[in-house]
Amino acid sequence: MNDLKARKNQGLRALRRRLGKVQIPVALGMTLVWMLLFKGFEPRPESLGIAVLGFLVSAVIMMVFPMPPIVPGFRFRPVQCLRLFCHVLGKMVVASFQVTAQVFRPGPVRSSVVAVPMRTDSDLMLVCTAITASAIPGSVIVEVSQPEYVLYVHMLGVESEAGVQESKQVILTLEERIVRALGTRENVADLEAASAAVEENA
Amino acid sequence: MSELFVSVLDWIAILCILAGAMLSFVAAVGLIRFPDLLSRMHTAAKPQVLGMLLVLLGIGLRIMPVEETGVFDFGTLILVGLFQVITVPVAGHIAARVGYRTGRIRHDLVVTDELEDRLDARRQAERTRQNGGSAP
């Protein structure tokens with residue numbers, strides 16, 4: 001009888017530990033995806049049920065497949081996120097035309113691989129910058145050096161030294177937009193300190 | 001919704017889908033025309049991203065006035081676009097990295113190569129360390 005009680009206690013403790021693995025912001029994100037999948041944003045009585053069910057499903061998923069927490073986390077700034085979105089979309093349109101021009105221009109296409117050191121030491125910012133840089137035409141991430149936070153980017157059609165500097169600036173601007181949209185306060189402070197240092201050197 | 005509004009929406013949708021198809025065509029041409037792996041990566045992954053977003057936008061505008069298609073709605077389209085944009089670069093990155101590491105790169109087409117310098121430096125360091133370790 002005592003044995004049973006001990007086992008029950010153990011089970012409860014394990015359950016509590018698993019419940020601790022649920023990260024609320026990530027669960028909310030998953031709920032959003034769930035709602036989009038099941039038309040949860042139409043004004044109808046089922047919508048609330050879809051939201052609750054979605055949250056429960058995401059909580060269960062995170063308990064069954066526990067994920068390491070996102071260190072050092074992120075902050076969501078809506079206005080800056082909108083600016084980031086417009087920036088990336090604009091870049092995509094412009095760069096698509098540039099790549100199109102390169103495709104139809106006769107002669108061999110030359111390119112460069114440039115190293116861009118990041119100004120913040122956050123894995124999340126590194127990943128976000130790498131993904132957006134890859135999604136924009138004309139640049140592909142070839143290599144990421146994680147301990148030093150350096151991105152190696154292949155730039156299509158960049159031949160001169162000036163072009164190399166310019167393309168580095170493009171990636172750095174992208175990083176700044178992302179950090180301002182999603183970075184923690186420390187990330188933004190790092191970024192501002194780094195850009196201030198660059199300006200002093202110039 | 002008025003007839004005129006719907007037909008204007010239809011035209012915008014058709015233009016979007018047409019532009020998306022053109023971009024995909026450009027990607028296909030680039031895939032044939034470009035000489036080396038890294039340049040081909042660009043066209044394999046890219047104009048198609050904007051092209052696909054345009055096609056999705058076109059479909060969205062087209063189904064907006066028509067309620068209840070039953071199969072998908074605007075939310076589904078947003079999800080398709082989002083996951084496409086997030087996942088395409090990952091595959092592209094892996095292919096580019098493997099291609100670079102296994103030497104399938106035409107160095108005469110790469111003008112400035114800062115990664116090559118770094119890999120060289122690292123190989124040099126490893127060699128000296130091995131030599132130092134084997135010496136008595």
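## Fold of chain B

In chain B, residues 24 or more positions apart account for 75% of the contacts with a separation of 6 or more, where two residues are in contact if their C-beta atoms, placed from the backbone, lie within 7 Å. This is a predicted model, in which local features need pLDDT of at least 70 and side-chain atom pairs count only at pLDDT 80 or more, while totals for chains, interfaces and linings use all residues. Residues are numbered from 1 along each chain as its sequence is written, and chains are lettered from A and ligands numbered from 1 in the order in which they are written.

Chain B has five helices and one strand, arranged from the N terminus as α-α-α-α-β-α; helices (H or I, at least four residues) and strands (E, at least two) are DSSP runs, numbered from the N terminus. Of its 136 residues, 27% count as buried, that is, with 20 or more other C-beta atoms within 10 Å of their own, C-beta atoms being placed from the backbone.

## Helix H4 of chain A

Helix H4 of chain A covers residues 78–104, and its 27 residues reach 39 Å from the first C-alpha to the last, close to the 39 Å expected at 1.5 Å a residue (1.5 Å times one less than the number of residues). Among its buried residues are Leu84(A), Met92(A), Val99(A) and Val103(A).

## Contact between the chains

The contact takes 37 residues from chain B and 33 residues from chain A. On the chain B side, H4(B) gives the most, with 13 residues.

Technical notes
A residue is buried if 20 or more other C-beta atoms lie within 10 Å of its own, exposed if 12 or fewer, and partly exposed in between; C-beta atoms are placed from the backbone.
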